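Work through the exercises below with the model open. Each task is followed by a stepwise solution.

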Amino acid sequence: MLEEKISGIRAQLDAAIAEAKNPSDIEAIRVQYLGKKGLVTDLMKELKDVPNDQKKEYGQKINVIKKEAEDKIKEAIAAIAKKAEEELVNSAEQYDITMPVDFTGEGSYHPITLVQREVEEVFASMGFTIEDYLEIVDDYKCFEALNIPKHHPARDMQDTYYLDNGQLLKTHTSAAQNAIMRKYGAPLRAVFPGRCFRNENTDACHENTFFQMEGMMIDENISISNLIYFMKTMLSEVFKQDIKVRLRPGFFPFVEPGFELDISCLICGGEGCPSCKNSGWLELCPCGMIHPNVLKAGGIDTDKYTGFAFGLGLTRLAMMRYGIKDIRDLNSGNLKVLDQFKNI
């Protein structure tokens, strides 16, 4: 008797699944056969009327049909989902990739790219080589070669992104100094722009991804006066006017003495705004005379040569150049913001 019921349930289940067309149909089948009052569930209730010596055998047979029903319903759900996906793909509009694109819009360079190229031209005209460098570097290049040994507190200022393989995303373009010194030796004039990464809390003037341009000049009798001259010349060329700057003492392990070069905020005219933290000044360029330990690490004779280095913030320079009030706009991908630079 039980075997006849099981055989009938199996046949009915197969027929119902074969006719199912969508997930709701399968759910109805699941409830009909495996729900609280389902056909398979009701078989378990009949065990109370089965002689004790046959309960085990009957129970096993009921478990088999229950497992079969569960598996068939799962397979049916997967099959219907796959069929729906195939229908969606097949019904999608097909395109002839050989047809010309009807696109009349014009792209534009990113404002940081525009500023970078302009600054590169200025430094190239003053005899500087334009270099490129990696975005993923090792600890030695980013810190130790720059007079920042392990456990030095200056590392805490940079909120570094470390990778699982022990390397890191460079926190400053200074990470290229050692490689470029060893590439060219002295005398040397080079600038090297690049993207940098720090785990910053973002606001109107801070981002976790930003662009800098590192610069170095190494020769005999180089002094801080040379640094000031080159920076003022570059800023005047970029902004097409004399720029008010100031030097503040600043600590950076790879320069001695070290300075912060600030420019008067061009967005607010020095009156104070969110971009300059209401100070009227914008930190643009940490700089100073290259520390002897850094020169030695780069294979430079410190008895004969001295040099200066600077880290120019291209992102902030672009903000000043084009009056962009929020640094986050530059990485937003907002075409309404970037469309402004089509004709520059």
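**Exercise 1. Is serine 236 buried or exposed, or in between?**

Solution. Serine 236 counts as partly exposed, at 23% relative accessibility. Buried means under 20% relative accessible area, exposed over 50%, and partly exposed in between (1.4 Å probe, protein chains only). The model is predicted: local features need pLDDT of at least 70, side-chain atom pairs count only at pLDDT 80 or more, and totals for chains, interfaces and linings use all residues. Residues are numbered from 1 along each chain as its sequence is written, and side-chain values use heavy atoms, with hydrogens and water left out.

**Exercise 2. How many salt bridges does a search of the whole structure find?**

Solution. The search finds twelve. A salt bridge is a side-chain nitrogen of Lys or Arg within 4 Å of a carboxyl oxygen of Asp or Glu. Side chains of opposite charge can pair when their charged atoms come close.

**Exercise 3. Describe the salt bridge between glutamate 27 and arginine 30.**

Solution. 
- Step 1: the closest N and O atoms of glutamate 27 and arginine 30 are 2.9 Å apart.
- Step 2: both residues lie in helix H2 (residues 23-34), three residues apart, about one turn of the helix.
- Step 3: glutamate 27 is partly exposed, with a relative accessible area of 40%. Arginine 30 is partly exposed too, at 33%.

**Exercise 4. Which parts of the chain does the pair of glutamate 118 and arginine 321 link?**

Solution. 
- Step 1: glutamate 118 forms a salt bridge with arginine 321, with the closest N and O atoms 3.7 Å apart.
- Step 2: the pair links distant parts of the chain, 203 residues apart: glutamate 118 is in helix H5 (residues 111-125) and arginine 321 in helix H10 (residues 314-322).
- Step 3: glutamate 118 is buried, at 16% relative accessible area, whereas arginine 321 is partly exposed, at 28%.

**Exercise 5. Which residues are linked in a network of salt bridges?**

Solution. 
- Step 1: lysine 150 forms a salt bridge with glutamate 144, the closest N and O atoms being 3.3 Å apart.
- Step 2: the network links Asp139, Glu144 and Lys150.
- Step 3: glutamate 144 is partly exposed, with a relative accessible area of 33%.

Definitions and conventions: Helices (H or I, at least four residues) and strands (E, at least two) are DSSP runs, numbered from the N terminus.
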